Amino acid sequence: MNFAQLVVDAAFRQFGAPAVHIAADGTSTPIRVIAKRPDAEVRFDALQLIAETASFEVRTGELATVNSGDVLTVDGTDYVIKGGKRLDPDRLIWTIDTYAAD
């Protein structure tokens, strides 16, 4: 295990929250996530809107693959995974874009 992995694991132990990943086939996996909820600025000509977003970081060691339409359950709220998913340069963390399920 390298130093970057040790740091990531420590961060998730300290700041991570319990969650469940539910794949399209119904398989559920308990994981830890770090919530990132930045506001997004959307502009249409002179109109400016601020939209709340819900992104989560997940360790690749806990979740090898992420697909659009999968669900994350965090604190009793279901979030549907959108197409946006990114890996960090060390390929240790997924950043997953979601929206709240109705």
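This is a predicted model: local features need pLDDT of at least 70, side-chain atom pairs count only at pLDDT 80 or more; totals for chains, interfaces and linings use all residues.
1. The mean pLDDT of the protein is 89, and 93% of the residues reach at least 70. Among the elements, strand β1 (residues 17-22) has the highest mean, 97, while strand β3 (residues 39-44) has the lowest, 71. Please keep β3 in mind for point 4.

2. On to the overall layout. The protein has one helix and eight strands, and along the sequence they follow the pattern α-β-β-β-β-β-β-β-β. Taken along the principal axes, the C-alpha atoms fill a box of roughly 50 × 30 × 20 Å.

3. Next, packing and surface. The protein has 102 residues, of which 30% count as buried. Looking at contacts with a separation of 6 or more, 40% are between residues 24 or more positions apart.

4. One surface feature for you to look at is a nonpolar patch of about 340 Å², made by Val42, Phe44, Leu47 and Leu49. Strands β3 and β4 (47-52) each supply at least two of its residues.

5. Finally, a closer look at one patch member. Is Leu47 buried or partly exposed? Leu47, which lies in strand β4, has a relative accessibility of 46% and therefore counts as partly exposed, because that class runs between the buried limit of under 20% and the exposed limit of over 50%.

Terms used. Residues are numbered from 1 along each chain as its sequence is written. Side-chain values use heavy atoms; hydrogens and water are left out. pLDDT is the predictor's confidence in each residue, from 0 to 100. Helices (H or I, at least four residues) and strands (E, at least two) are DSSP runs, numbered from the N terminus. Patches are made of residues with over 30% relative accessible area and no salt bridge: like charges are joined within 9 Å, nonpolar side chains (Val, Leu, Ile, Met, Phe, Trp, Tyr) within 5 Å. Accessible areas come from the Shrake-Rupley method with a 1.4 Å probe; for residues, only the protein chains shown count as cover. A salt bridge is a side-chain nitrogen of Lys or Arg within 4 Å of a carboxyl oxygen of Asp or Glu. Buried means under 20% relative accessible area, exposed over 50%, partly exposed in between (1.4 Å probe, protein chains only). Contact means heavy atoms within 4.5 Å.
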